[in-house]
Amino acid sequence: MTRSELITALMQKNPHLQLKEATRLVNIVFGTITSSLAEGSRVELRGFGAFSVKERDPRIGRNPKTGGQVQVGKKLVPFFKTGKELHQRLNKPVTGNKRSRSSV
């Protein structure tokens, strides 16, 4: 789902919202998450998951064009861990007529 699809879905579920208001709400939520992560804070949305920042150690990488070694410095990267409720919804057992894969 893209940002514009999220805004459209928000407007469909809340018909009283104008496009400008829905866009502003989505931008506020994403902006708050981004600024919190930039400050080193963890953002937890119960049932959905938690955003945090992890540090990657410096390492020696490889330049794909030349094949030569390149020193890559330490960096901070965003990390997302799913919440229990989201994890359960994604991994719910399949019901109904399940086809088995067999080689014939």
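Predicted model: local features only at pLDDT ≥ 70, side-chain atom pairs only at ≥ 80, totals over all residues.
Which helix gives the most to the lining of the largest pocket? The answer is α2, with 5 residues.

Residues are numbered from 1 along each chain as its sequence is written, and side-chain values use heavy atoms, with hydrogens and water left out.

## The chain as a whole

The chain has 3 helices and 5 strands. Helices (H or I, at least four residues) and strands (E, at least two) are DSSP runs, numbered from the N terminus. Their order along the sequence is α-α-β-β-β-β-β-α.

The C-alpha trace spans about 55 × 55 × 30 Å along its principal axes. The radius of gyration of the chain is 21 Å, while a compact globule of 104 residues would have one near 13 Å. This radius is taken over C-alpha atoms, and the globule rule is 2.2 Å times the number of residues to the power 0.38.

Of the 104 residues, 13% are buried. Buried means under 20% relative accessible area, exposed means over 50%, and partly exposed lies in between (1.4 Å probe, protein chains only). Next come the contacts, meaning heavy atoms within 4.5 Å. Take those between residues at least 6 apart in sequence: 28% of them join residues at least 24 apart.

## How the strands pair

Two strands pair if DSSP finds at least two bridges between them.

| Strands | Sense | Bridges | Facing residues |
|---|---|---|---|
| β2 and β5 | antiparallel | 8 bridges | R56 and K75 |

β3 and β4 have 6 residues between them, and G67 in their turn has a positive phi of about 85 degrees.

Is S52 buried or exposed? S52 is buried, because its relative accessible area is 18%. S52 sits in strand β2 (residues 49-56). Leaving out residues up to four places away in sequence, S52 touches L37, R42, V77, P78 and F79.

K81 lies in strand β5 (residues 75-82). K81 counts as exposed because its relative accessibility is 56%. Beyond its neighbours within four places in sequence, K81 is in contact with G49 and A50. K81 and S52 are 29 residues apart along the chain, and 8.3 Å separates their C-alpha atoms.

E21 belongs to helix α2. E21 counts as partly exposed, because its relative accessibility is 39%. E21 and L76 are 55 residues apart in sequence and 33 Å apart in space, C-alpha to C-alpha.

## Pocket and cavity

Rolling a probe the size of a water molecule over the atoms shows where empty space is left. The search here uses a 1 Å grid over the protein atoms alone. A cavity is a set of points where a 1.4 Å probe fits but cannot get out. A pocket is an open set with protein on both sides within 12 Å along at least five of seven lines. Lining residues have an atom within 4 Å of a point. Grid points are joined across faces, edges and corners, and a volume is the space filled by probe spheres set on the points.

The largest pocket has a volume of about 450 Å³. Its lining holds 13 residues, and M1, L6, V26, F30 and F48 lie nearest its centre. Helices α1 (3-13) and α2 (19-38) each supply at least two residues of this lining. By class, the pocket lining has 12 nonpolar, no polar and 1 charged residues. Ala, Val, Leu, Ile, Met, Phe, Trp, Tyr, Cys and Pro count as nonpolar, Asp, Glu, Lys and Arg as charged, and the others, Gly among them, as polar.

The structure holds 1 cavity of 30 Å³ or more. The largest cavity has a volume of about 30 Å³. R56, D57, R59, V72, G73 and K75 line the largest cavity. By class, that lining has 1 nonpolar, 1 polar and 4 charged residues.
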